[in-house]
Amino acid sequence: MNLGRALMSLEGLYDQFINDYQQGKFVEGICEWNGDDALMSPRSVAHKFKKKAEELGYTFKEYKPFADELEESIEMYLGHLESKFI
């Protein structure tokens, strides 16, 4: 058994990524219009998730469904955020 797998399940990693994203811990760049940090795009977060899953010893076949769900969940989360400002 891979030590990474023993330390973190894919479900746990998914939950951690969702929580961290909602707390604003995944940023890339700076918004031009106000100078604030810009949240990562859903695709960027899913890519980061895939890299972390690979580091933990998971295969593409194992982590892909979680990465796809993560990307979709973040898209929905951002949609809800945007609707609050319309």
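## F60 and Y63 in helix α4

In this predicted model, F60 and Y63 lie three residues apart in helix α4, so about one helical turn separates them. An α-helix has 3.6 residues a turn, so residues three or four places apart point the same way.

The rings of F60 and Y63 form an edge-to-face aromatic pair, with 5.7 Å from centre to centre and 85° between the planes. F60 has a relative accessible area of 47% and is therefore partly exposed. Y63, at 3% relative accessibility, falls under the 20% limit and so counts as buried.

## Aromatic pairs and the α2–α4 link

The count of aromatic pairs comes to four. One of them joins Y21 and Y77: the ring centres are 6.0 Å apart and the planes stand at 80°, so this pair is edge-to-face. Y21 belongs to helix α2 and Y77 to helix α4 (residues 60-84), so the pair ties together parts that are 56 residues apart in sequence.

Y21 has a relative accessibility of 1% and therefore counts as buried. Y77 is at 23%, so it counts as partly exposed.

An aromatic cluster is formed by F17, F26 and F49. F17 is in α2 and F49 in α3, and both take part in the contact of these helices.

## Helix α2

Helix α2 has 13 residues. From its first C-alpha to its last, α2 reaches 18 Å, close to the 18 Å expected at 1.5 Å a residue. Buried residues in α2 are L10, L13, Y14, F17, I18, D20 and Y21. Just after the helix, G24 has a positive phi of about 80°.

## Packing of α2 against α3

Helix α2 (residues 10-22) and helix α3 (residues 42-55) have axes that come within 11 Å and cross at roughly 145°. The crossing is right-handed.

On the α2 side, the contact involves L10, L13, Y14, F17 and Y21. These residues meet V45, K48, F49, K52 and A53 of α3. By class, the residues of this contact divide into eight nonpolar and two charged, with no polar residue.

Technical notes:
Residues are numbered from 1 along each chain as its sequence is written. This is a predicted model: local features need pLDDT of at least 70, side-chain atom pairs count only at pLDDT 80 or more; totals for chains, interfaces and linings use all residues. Side-chain values use heavy atoms; hydrogens and water are left out. Axes are lines fitted to C-alpha atoms, for helices over the stretch in contact, and angles run from 0 to 180 degrees between N-to-C directions. Helices (H or I, at least four residues) and strands (E, at least two) are DSSP runs, numbered from the N terminus. A crossing is left-handed if the near helix is turned anticlockwise from the far one by less than a right angle, and right-handed if clockwise. Contact means heavy atoms within 4.5 Å. Ala, Val, Leu, Ile, Met, Phe, Trp, Tyr, Cys and Pro count as nonpolar, Asp, Glu, Lys and Arg as charged, and the others, Gly among them, as polar. The expected span of a helix is 1.5 Å times one less than its number of residues. Buried means under 20% relative accessible area, exposed over 50%, partly exposed in between (1.4 Å probe, protein chains only). Rings of Phe, Tyr and Trp (its six-membered ring) pair if their centres lie within 6.5 Å; planes under 30 degrees apart count as stacked, over 60 as edge-to-face and the rest as tilted.
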